[in-house]
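These are my notebook entries on one model, kept in the order in which I looked things up. Secondary structure and packing are the topics.

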Amino acid sequence: MNSPPDSAEDLPPPAHARPVLRVRDGEVAAVDDMLIDEVPVALVYNGISHAVMMATPADLEEFALGFSLSEAIIEAPGQCYGIDVERSTAGLAVHLEIANGAFMALKERRRSLAGRTGCGLCGVDSLDQVRRPLPRLAPATGFHAAGVRRALAAIGAEQRLTHLTGAAHAAAWCGMAGDILIAREDVGRHNALDKVIGAMAREGSRPGDGFLLITSRVSYEMAQKAAMAGVSALVGMSAPTLAAVDLAARAGMTLLAFARGRDFVCYTHADRIELGE
């Protein structure tokens with residue numbers, strides 16, 4: 001995959017200032033407030049539009065690559081030959097050129113949905129398809145509570161859009177020592193995670209060398225995306241769902257949630273995290 005990263009000059013800014021009337025402690029003031037942007041982003045594979053997502057217009061090539069990997073449209077980054085972002089009056093289109101075999105499988109998936117009036121999950125036409133085959137994850141080595149706490153202390157400095165708007169989710173790829181190696185934000189929590197997964201693929205990150213940290217709740221889809229990326233340790237700052245915990249247990253993923261400050265709850269495979277200081 002040889003396409004260059006998104007040019008910031010070619011995309012709308014991720015946040016905009018708008019005049020508002022603020023009332024605080026009885027004081028009234030006319031001020032500018034920063035609002036995070038979300039725009040329609042079409043993911044177009046070999047010329048055929050597959051999905052339209054509402055996303056923050058930044059890191060879109062990483063988003064498209066991460067989405068393609070975490071949703072099993074492609075099995076490896078090498079099956080994506082190129083990515084281009086195109087602006088239009090209606091939104092943004094991300095064009096991906098993918099391997100013929102992956103494209104044929106995608107077309108078959110789309111054909112199975114033809115003529116249906118609706119489905120519970122996008123791209124899924126039966127209950128059996130909700131539980132996608134998961135990789136069996138190797139136990140994380142060197143996963144330590146001290147590293148989790150270090151990452152938690154550092155994530156705030158990576159959340160520029162959150163500080164500006166209060167409306168962004170963040171995801172981060174962290175080394176086992178807690179260094180934040182990649183961080184991305186988006187109005188959608190799934191989008192933020194896909195952006196990180198795409199950046200990891202571009203940089204050749206090895207999934208066993210670290211853990212994923214997300215500022216949102218840990219839903220089934222978030223745990224599934226992490227598992228599909230081959231990451232065996234996931235840390236969420238908010239609550240998990242039962243389905244996410246069950247998925248992590250099946251896949252061999254160590255799942256932490258309610259991670260704030262020095263505290264967390266380990267829901268699965270607690271024997272795989274070192275708790276000493």
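I began with what packs against the buried residues of α3, and I found β7 (169-175), β8 (180-186), β9 (210-214), β10 (233-236), β11 (254-260) and β12 (263-266). Contact here means heavy atoms within 4.5 Å. The buried residues of helix α3 (residues 145-155) are Ala145, Gly147, Val148, Arg149, Ala151, Leu152 and Ile155. I took buried as under 20% relative accessible area, exposed as over 50% and partly exposed as in between, with a 1.4 Å probe and protein chains only. Helices (H or I, at least four residues) and strands (E, at least two) are DSSP runs, numbered from the N terminus.

I note the basis of these entries: the model is predicted, local features need pLDDT of at least 70, side-chain atom pairs count only at pLDDT 80 or more, and totals for chains, interfaces and linings use all residues. Residues are numbered from 1 along each chain as its sequence is written, and side-chain values use heavy atoms, with hydrogens and water left out.

**Six-stranded sheet**

I next traced the strand order and read β8-β7-β9-β10-β11-β12, an open sheet of six strands with mixed pairing. Two strands pair if DSSP finds at least two bridges between them. β8 and β12 each have a single partner strand, so one side of each has no neighbour in the sheet. From one strand to the next, the twist averages 20 degrees. I recall that strands of a sheet pair through backbone hydrogen bonds, either parallel or antiparallel.

I then looked at both neighbours of β11. β10 and β11 run parallel and are joined by three bridges; Ala233 has Thr254 of β11 as its bridge partner. β11 and β12 pair in the antiparallel sense, also over three bridges, and Ala257 has Val265 of β12 as its bridge partner. Five of the seven residues of β11 are buried, so β11 is largely enclosed by the rest of the structure.

**Helix α7**

Which residues of helix α7 (residues 242-251) are buried? I listed Ala244, Val245, Leu247, Ala248 and Ala251. Because they cover an arc of only 160 degrees around the axis, they lie on the same side of α7; the arc is that of the directions from the helix axis to the C-beta atoms. Their cover includes α6 and β11. Just after α7, I found Gly252 with a positive phi of about 85 degrees.

**Helices α5 and α6**

I looked up the packing of α5 (residues 189-203) on α6 (residues 220-228): the angle is about 5 degrees and the axes are 10 Å apart. α5 is therefore roughly parallel to α6. Angles under 35 degrees count as roughly parallel, over 145 as roughly antiparallel, 65 to 115 as roughly perpendicular and the rest as oblique. Axes are lines fitted to C-alpha atoms, for helices over the stretch in contact, and angles run from 0 to 180 degrees between N-to-C directions. On the α5 side the contact is made by Arg189, His190, Leu193, Asp194 and Ile197, and on the α6 side by Glu221, Met222, Lys225 and Ala226.

β3 (residues 39-45) and β4 run antiparallel, joined by seven bridges; Val41 has Met53 of β4 as its bridge partner.
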